Amino acid sequence: MNKRTLSLSLYLNYFVHGIGLIILTQNMQALSQHWNSPLATVSYVFSGIGIGRIFAYFIFGNLSDRFGRKVFINIGMLSYLVFFLGMAFVRNIQVAYALAIVAGIANSALDSGTYATFIEMGGNQGSANILIKAFMSIGEFILPLFIATLEANQAWYGWSFMLAAAVLVFNLFFLNRQTFPQRNQADDATAVAAQQLPKSRRILASLGLAGYGYTSMALMILYTQWISLFVTKTYGFGPVLAHLLLSLYSIGSITGVIVIFLLLRTGISERKLLVGMNVGSLIALAVVCYAAVPWLSMVASLAFGFLAAGGAMQIGLNIFLRLYPHIKGTITGTFFTFGSVAAFTIPLITGWLSKQSIAAAMRSDLVVAAAGLGCVAVTAWALRPAHSLETDRQAINQIDQKIVRLLNQRFETVTDISDLKQQAHLPVLDQSREDRVLDRVAQRSNQAAHTPYLQAIYQAIMSNSRAYQTARKTTTHQVAPVAPQTSGLTNKEDLHD
């Protein structure tokens with residue numbers, strides 16, 4: 001399995017999905033003329049996507065656990081292909097509605113297979129799920145520019161659908177040449193942590209994460225639907241500034257995806273990060289809802305996009321997947337089913353509130369944000385680490401995996417150095433170089449009490465490196481590796497984790 005090529009193929013699907021999310025709204029005028037229907041009827045067709053999602057998510061998630069991720073990713077790609085090709089030519093409004101349902105099914109199938117696949121690749125691939133949103137944003141950015149070019153040249157609107165279809169056809173061949181990881185596998189530490197969590201705490205965390213599946217989607221839908229109208233009607237902001245706030249939200253979202261991806265690669269706690277992002281998004285939203293100062297609204301909109309739409313939902317899903325490592329597809333389907341319910345219900349709720357006032361509709365997002373913070377707070381409390389000998393040893397096992405990988409890389413470099421020394425007829429031992437290494441270890445150690453032990457470890461590493469180089473030079477016999485140094489520790493118990 002080549003993780004890079006498989007990841008690229010999976011991300012290409014979400015570039016297409018980003019196009020699919022907005023292609024109907026971006027072509028509303030053209031579709032209205034093509035279908036000979038008013039814009040209100042065209043808008044009605046969009047609801048079919050939500051219906052397709054609601055009915056398909058849980059079913060596909062459950063089935064992907066049984067039949068594999070690749071099957072359902074292919075179903076998603078083929079369904080999207082039918083949607084794009086069909087929408088480019090269809091004239092019947094009922095058929096168009098059916099195609100919109102197919103698009104919702106495509107979205108559900110892709111999600112059910114893709115998010116679990118990234119987790120099952122192993123390592124730190126939970127961060128890779130965050131980048132899914134970045135590729136969706138790229139698709140959403142490129143499509144309007146492409147459509148504007150078509151309109152400027154009075155070209156057929158259907159070329160925008162053909163663009164997405166062409167990428168899908170290419171990726172169908174590309175993806176099906178890749179090998180997928182074994183489904184529902186989990187590393188030892190994740191499996192042990194999930195098994196050791198008390199049932200009551202697991203149920204509490206599950207309820208919190210399911211609720212967050214609803215609130216995280218509702219938070220973004222409500223904001224993007226009402227922000228421009230709210231600041232225009234309530235604060236008297238001009239239309240340019242009103243639309244700018246939404247653009248800043250999008251910029252914050254894309255920036256957030258990149259930053260959160262990098263943070264997760266460093267191993268930062270997902271629980272703490274999720275709570276912090278939800279606290280920050282609630283504060284930023286409160287500023288937007290009550291501070292009628294243009295520059296402050298701009299800063300708050302940027303911050304809200306960063307914190308609420310910069311990958312927080314994907315972090316919540318990652319945590320949920322690790323809670324049930326052997327039914328990842330089912331969990332993905334459950335999480336996004338709640339999000340689909342939000343996509344269906346929030347417009348109805350805010351539509352009713354808007355009859356009282358636009359401000360009431362917009363400020364109801366604060367209730368959603370507070371509920372979301374409550375959900376992640378409950379989840380974080382339920383999943384708080386319980387220190388025990390077994391869990392701490394599992395943590396050491398994870399650290400050891402990284403150390404071994406880095407030591408392999410170090411010895412590969414030592415091999416190159418050994419060859420260069422032989423060519424230059426230099427001795428294996430370079431004492432001044434080893435002294436500098438030990439000095440650097442002392443400088444970089446952030447715990448003075450650890451420093452002599454770290455230096456002793458590095459002395460053992462360098463001693464074994466010398467033995468390795470000597471062994472490579474020897475042609476008649478093998479030199480046994482030097483036994484690792486133990487820093488003078490003689491108590492056998494000290495040598496155990």
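**Burial and helix packing**

Analyst: Starting with Ser228, and keeping in mind that the model is predicted, this residue is buried, because its relative accessible area of 15% falls under the 20% cut-off.

User: Which helix does Ser228 lie in?

Analyst: Ser228 belongs to helix α9, which covers residues 199–234.

User: And what is Ser228 in contact with, leaving aside its neighbours within four places in sequence?

Analyst: With those neighbours set aside, Ser228 makes contact with Ala242, His243 and Leu246.

User: Switching to Gly310, where is that found?

Analyst: Gly310 sits in the loop between α12 (294–308) and α13, and this glycine is buried, with a relative accessible area of 0%.

User: What does Gly310 touch, not counting residues up to four places away?

Analyst: Gly310 touches Ile130, Ser253, Gly256, Val257, Ile260 and Gly305; as for Ile130, its C-alpha atom is separated by 8.2 Å from that of Gly310, although the two residues are 180 residues apart along the chain.

User: Now α11 and α13: at what angle do they pack?

Analyst: Helix α11 (residues 270–290) packs against helix α13 (residues 312–323) at an angle of about 145°, the axes being 10 Å apart, and α11 passes α13 in a left-handed crossing.

User: Which residues make the contact?

Analyst: From α11 the contact involves Glu270, Arg271, Leu273, Leu274 and Met277, while α13 contributes Ala312, Ile315, Gly316, Asn318, Ile319 and Arg322.

User: How do the residues of that contact divide into nonpolar, polar and charged?

Analyst: The residues of the contact of α11 with α13 comprise 6 nonpolar, 2 polar and 3 charged.

Notes: Residues are numbered from 1 along each chain as its sequence is written. This is a predicted model: local features need pLDDT of at least 70, side-chain atom pairs count only at pLDDT 80 or more; totals for chains, interfaces and linings use all residues. Side-chain values use heavy atoms; hydrogens and water are left out. Axes are lines fitted to C-alpha atoms, for helices over the stretch in contact, and angles run from 0 to 180 degrees between N-to-C directions. Helices (H or I, at least four residues) and strands (E, at least two) are DSSP runs, numbered from the N terminus. A crossing is left-handed if the near helix is turned anticlockwise from the far one by less than a right angle, and right-handed if clockwise. Contact means heavy atoms within 4.5 Å. Ala, Val, Leu, Ile, Met, Phe, Trp, Tyr, Cys and Pro count as nonpolar, Asp, Glu, Lys and Arg as charged, and the others, Gly among them, as polar. Buried means under 20% relative accessible area, exposed over 50%, partly exposed in between (1.4 Å probe, protein chains only).
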